[in-house]
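Please examine the sequence and the structure before turning to the solutions.

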Amino acid sequence: MSAFALRARTTTVDGLDVFYREAGDPANPTLVLLHGFPSSSHMYRGLIAELADEYHLIAPDHIGFGASAAPAVEDFEYSFEKLTEVTLGLLDQLGVEKFALYIQDYGAPIGLRIASRHPGRVTAIVSQSGNAYTEGFTPFWDLLFAHARDRAAHEADVRQLLTAEATRWQYTHGVPADRLDRVPPETWTLDQAGLDRPGNKEIQLQLFWDYQFNLDGYPLFQEYFRTHRPPLLAAWGCGDEIFGPAGAEAFARDLPDAEIHLLDAGHFALETHGEEIAGLVRDFLGRHVK
C-alpha cells in the first residue's frame, strides 16, 4: 500500500475527540496499534503502510497525546484505566469486535487490560518494549517510582524527562551508529511539540504518577497469558534503557511458545528496524490470525 492511502480521522468517545489513523480493508483481520510515551500514532506510519495490503489497521492517539483531545488535568481523570476505557469505546464505536494488538510502552498496560478482560476479542499480541513483567524495568524507572511515592520531593527532577533533550534521547539511545541516520528529527520534534502545549506537562506528570498502579495488574496479565495462551511476538530493542530486554525474555515464563526477537535497536525500534519488524509481524500474523 502507498503511504498516501492512510486515512486520518477523528471521532468522539465519551465527549472527547479521539484521533486515529486507519488503513486497509475492514474485511481483513484488524491490528490495533497502541503507542507509548511521548509519542502518538505517528510512530506507526511506516508499519501501517507496510501491512495495509493484508490487514486492517487502526492506530489511535491516546487522550493527551497527538491530535486527540487533551483536557486539563482538572477536567479529566488521567489514568491508564481511563485511557483503556476510551480505547475500548473507540473500538466499540468502530464495530471492531476481534483484533490483534501491537503494544509499545504506554500501550502495553492499556492493551493488556483489554486483552485480560476480553480475551475472546484479542487474536494475537505483538509487543515492542511493551512491558508486563518487573524484570523489564531498568534504572531509568528509579526516579519515576520515587516520584510515585513522593510527588513533591521528586517533581522537579521528573520534569527533566519532559525536555527536548530527554525526548531526543528516547529516540537515539541504544541505536547503532550506522542506523542513527534512519531516525528523522521530526520524530522527537513532533513529540516535543505535544509536550510543550500549555498544560500538557501536568498531564504527563499525572500519568507518570499513575503508572505505579499498572504493576498491580501484572499478576492478572500473567494469569491471562497462562490461561488463554495468546500467540505473542516480542520484537524488542536490546539496547532499550527504558524497558530492558529482560522484559521481552520474561514472556517465555508464561508463554513458552512466545516468539522473542531482540533487535540491535533502542526504545523506538520501528524507526531503525522497521523493515525487519514489519517482516516479523507479517509472518507472525499470517500464521496466527485469519
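**Exercises on helix packing, the sheet and a buried residue**

In this predicted model, α3 passes α9 in a left-handed crossing.

**Exercise 1.** Determine how the axes of α3 and α9 are oriented to each other.

*Solution.* Step one: helix α3 covers residues 107–117 and helix α9 residues 218–228, and their axes come within 10 Å. Step two: the axes cross at roughly 50 degrees. Step three: angles from 65 to 115 degrees count as roughly perpendicular and those under 35 as roughly parallel; α3 and α9 are therefore oblique to each other.

**Exercise 2.** State which residues of α3 and α9 meet, and give their classes.

*Solution.* From α3, the residues are Pro-109, Leu-112, Arg-113, Ala-115 and Ser-116; they meet Leu-220, Phe-221, Tyr-224 and Phe-225 of α9. By class, this contact has seven nonpolar, one polar and one charged residues.

**Exercise 3.** Describe the open sheet and its edges.

*Solution.* The eight strands follow the order β1-β2-β4-β3-β5-β6-β7-β8, with mixed pairing. The edge strands, β1 (7–13) and β8 (259–263), each pair on one side only. Within the sheet, strands β3 (residues 30–34) and β5 (residues 99–103) run parallel and are joined by four bridges; Leu-33 has Tyr-102 in β5 as its bridge partner.

**Exercise 4.** Is Gln-204 buried or exposed?

*Solution.* Gln-204 belongs to helix α8 (residues 200–210). Its relative accessible area is 1%, and buried means under 20%, so Gln-204 is buried. Leaving aside neighbours within four places in sequence, Gln-204 contacts Phe-37, Gly-64, Phe-65, Leu-162 and Leu-195.

Terms used
Residues are numbered from 1 along each chain as its sequence is written. This is a predicted model: local features need pLDDT of at least 70, side-chain atom pairs count only at pLDDT 80 or more; totals for chains, interfaces and linings use all residues. Side-chain values use heavy atoms; hydrogens and water are left out. Axes are lines fitted to C-alpha atoms, for helices over the stretch in contact, and angles run from 0 to 180 degrees between N-to-C directions. Helices (H or I, at least four residues) and strands (E, at least two) are DSSP runs, numbered from the N terminus. Angles under 35 degrees count as roughly parallel, over 145 as roughly antiparallel, 65 to 115 as roughly perpendicular and the rest as oblique. A crossing is left-handed if the near helix is turned anticlockwise from the far one by less than a right angle, and right-handed if clockwise. Contact means heavy atoms within 4.5 Å. Ala, Val, Leu, Ile, Met, Phe, Trp, Tyr, Cys and Pro count as nonpolar, Asp, Glu, Lys and Arg as charged, and the others, Gly among them, as polar. Buried means under 20% relative accessible area, exposed over 50%, partly exposed in between (1.4 Å probe, protein chains only). Two strands pair if DSSP finds at least two bridges between them.
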